[in-house]
Structure formats: structure tokens, C-alpha cells
Number of protein chains: 2
Amino acid sequence: MSSHYHHGDLRSALIEAGMTMARAKGVGTLGIRELARAVGVSPNAAYRHFASLRALVLTVAQEAQHRLSRAILDRMDAVPGEASQAERASARLRAFGLAYIHFAVTEPGWFALTCESQEDPPGPLATEPPPPPPHQILLDTLDAMVEARVMTPQGRVDVEWSCWSTVHGFAMLATAGPLQAMPPDATARLADRVIGTLLKGLQN
Amino acid sequence: MSSHYHHGDLRSALIEAGMTMARAKGVGTLGIRELARAVGVSPNAAYRHFASLRALVLTVAQEAQHRLSRAILDRMDAVPGEASQAERASARLRAFGLAYIHFAVTEPGWFALTCESQEDPPGPLATEPPPPPPHQILLDTLDAMVEARVMTPQGRVDVEWSCWSTVHGFAMLATAGPLQAMPPDATARLADRVIGTLLKGLQN
DNA sequence: CCTAGATGTGTACGATGTCCACATCGATGT
DNA sequence: ACATCGATGTGGACATCGTACACATCTAGG
């Protein structure tokens, strides 16, 4: 019989199973055997597509990072055309931070995955071109701010690390730190304040 | 013979072994069997002192947090008496951030441990009284700033989260993120800049 | 001195990541 | 049409891990 001895697209199936499992039970629970079980396949089948558990996790992490980027871009593109280019540029930076934190709070499992995402040599690229990584989006957003004259070129130097530190740090505190227990709407309000003082520090 | 069948102070020995191992090989490598082996004792002996591996790790994490607090307090106390109370208060906040980041960069294994430190019910307290947790140190430092009139009471609201987000986020980027490869002195300079823009954002 | 509790040992079980040999399938060339 | 070969999936084995259970040993108090 032409049974399902061959799965068809095991690689994608494993990645997807990894995403659902990370979302449901956290990053640490990702395991070769459990993932293979979820897909209905022998544990060793996974080794035809990934060199090790670490490689699998890294690939899933890359997928999680893509979703983060898309969430950020969606929210930034939803920023209305403000009166001035300057206002719009600032509003887009604020949207970046809020989207980053919102993603972390609403999908903590996926967010934890994005933190594992390092340089990755693995397999074939996805069908659709990957979005730019969050870091690149941030750089572009800041460049747009100096172009809109809301930030001076010398004020621009190294500020990406201020932005990323603040936003990433808040996301950490909210998902794995002392803000874990805070209700989501309160977290969102606090995030808005924190990003506000960040923007104040960036002026001129 | 009064052999070493009983170890004497196995609990402390396990904690210390956990600290050295976390420092050398990272947090993820901490294991009951390996720690017991390092102390020269049967794996199950550890269970007389800790309910589980998780409990052991949490206890070691608490010890790491104490060292973080002491490192912060040391550096803050080394801040010289400035011309004004106001300058000194600001300088102490800056010292807090720099000490936090310096600890993370020089002892990444221990810093990763402090991130696991949650509320902990475990065993007997240490002989000497524990230092206040970093969060409390930060709160006191900020209160001193409003007392020194370098910050208004309404400006004080929620700023601890701005400070902690920035400093903790930078530490994360430097130890587990894209700044990992940066040479330590460059990291220190960048940290100084980032804390600078944070302080600018806190003004008034 | 003897007994009871605290502390350490040994064995065992289930689960995991990964290696190896083998089975099965789809495409390819004759 | 058919043999073959590479890609893909299976099964079994091994070392390691956390941890539970029964037992050994030491130390303190009556």
C-alpha cells in the first residue's frame, strides 16, 4: 500500500509542531522525541532534517523571529500619517517598542524562542522571503528619524542599543521577571510610560 | 572508623559547587548527578537537602543574587562625596547601572542564575544576613534622588521600571545577545552611553 | 548502652538525545 | 517495464539524566 511511510514535508511539520509546543508549554520542553511523537513519526526521522535537537530549536527560533518581525512591521505600518514627517517617525519608533513588548507578553513562548536566535547555517530557506530581523527594522526606523530631523546625526550614534536594551529588558521583566504576574493591560500602560521616558532621553 | 560517611556540610558544599560550575560551564549544565560527583558524594545524598534539582538551582540562584547585590553596593559606596547631594545621588544611580552590567559581563554564568531567582521557600537562611535584592537597592537609590531634588515626586513614579529595563536589557544583550562578541572595554563604553541617555530621559 | 532520627548509599525505572543497521519509497536511466 | 539508487523513515541500543524506594551508617539523647 502507498502508506504514509514518507511523510511529505516532515521538516515543516516539525517546525510547526515546535511552534505550537513552545507556545503551549515553554521553550525548555522542546524535545526530539516529543516533537516526533506529535507529528506521528519515529524519533530518528527528525535526524534526516536536523543535525541535532539544538539545530531544530534554532530553526524554530528563526521562525519565531520572523513572526516577531512581521508583528512589528504590521503595527508600524498601521501608524497613521501624522501632521509632520517628524511626528510620524517618532510614532513609528514608539510603535516598534510597543509591538515588541506586546508580542512578548501575548506570546511569551515564542518570544523566549526569539532570544535563542543566533547566526544559523541550517537548511533551505522558506518559500517566501524572510522579513528583516527586528534589529534591522530598528536601525531603519532610527535612520528615518534623523532624516526627518527629529534626531541629530550625532545623537543617532549608538542609540539603537538604548532602544533595544529598554524594550528588550522590559519584555524580559514582563515575561520571565518580576512583572510576570501583572495583568496585561497594566503591563501595556507601564510599557507605554517606559517607552515615553526612553524617547525623552533620545531627544537632541 | 569515623570515615567521611557523613560529609559535614553537604548543603553548602553543593551550593558552592553549583556556583563554580555555573561560572565555568553555564546554567544549563547544572545537574544533580554532576554536582554530587563534584562534591564526592552519591547522587541521592543531595535529596536530603534539596527537594529537587529545581530547588537546588533556585538556592544557588539566590546565592548568585546576593553576590550581585554586594557587587552593586560596593560600587555604589565607592562613589565619592560630590559637590552637591544631587550630583552624588545621580552618580549613585549611574554606579548601580554600571555595576549591574559589569557583573553580568564579567560573570555571565552567575548573572544568568540571578535571572532564575524567584520567590523561594527553601531551607535555612545563611549565617550572615542577606543583602537587599537589587530591586530594593534600585528603589532606595531613586528615592534618594527625589530627596536630593534631582527628580520630582511625580517624575519618580514607575521610573524604576525604566531603569531596570534598560540596565537588565543591556546586560541580556551583552551576555546572551548580539553584543556577546564585543570586547569588554567596548561593551563598558557602550554601557556608559546607554546609561547616559537613560539618565537624560529621567530628568524632570 | 541502646535506640531513634538524620544523613548517605545502591538499585531501579522511565525518559531523553543520539548512533547504527535496516526498511521502504519515489525518481531516474535503460 | 524494470532495476537501481538516493532520500526518507523505522527499530534497537547505549549512555545519561532526575528521582523514588529500600537499606546502611553515623550521631545525639535517654
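Biologist: Which residues come nearest to DNA strand C?

Modeller: This is a predicted model. A residue is near a strand if its C-beta atom lies within 6 Å of it, and there are 21 residues around DNA strand C. Those that come nearest are A:Gly31, A:Leu53, B:His7, B:Ser42 and B:Asn44.

Biologist: Which helix gives the most to the surface near DNA strand C?

Modeller: The residues of this surface divide into 8 nonpolar, 10 polar and 3 charged. The helix that gives the most supplies 3 residues and spans residues 32–39 of chain A. That is helix H2 of chain A.

Biologist: Which helix supplies the largest share of the side of chain B that touches chain A?

Modeller: In total, 24 residues of chain B are in contact with 24 residues of chain A. Helix H8 (159–176) and helix H9 (184–202) of chain B each supply at least two residues of the side that touches chain A. The largest share is 12 residues, and it comes from H8(B).

Biologist: How many residues of that side of chain B are nonpolar, polar and charged?

Modeller: Contact here means that C-beta atoms lie within 7 Å. Sorted by class, the side of chain B that touches chain A has 13 nonpolar, 8 polar and 3 charged residues.

Biologist: Why do the copies meet through the same surface?

Modeller: The interface residues of chain B can be looked up in chain A. The copies meet through the same surface because the share of them that are also interface residues in chain A is 100%.

Methods: Residues numbered from 1 in each chain as written. Chains lettered and ligands numbered in written order. Predicted model: local features only at pLDDT ≥ 70, side-chain atom pairs only at ≥ 80, totals over all residues. Helix = DSSP H or I, 4+ residues; strand = E, 2+ residues; numbered from the N terminus. Nonpolar A, V, L, I, M, F, W, Y, C, P; charged D, E, K, R; others polar. Contact = placed C-beta atoms within 7 Å.
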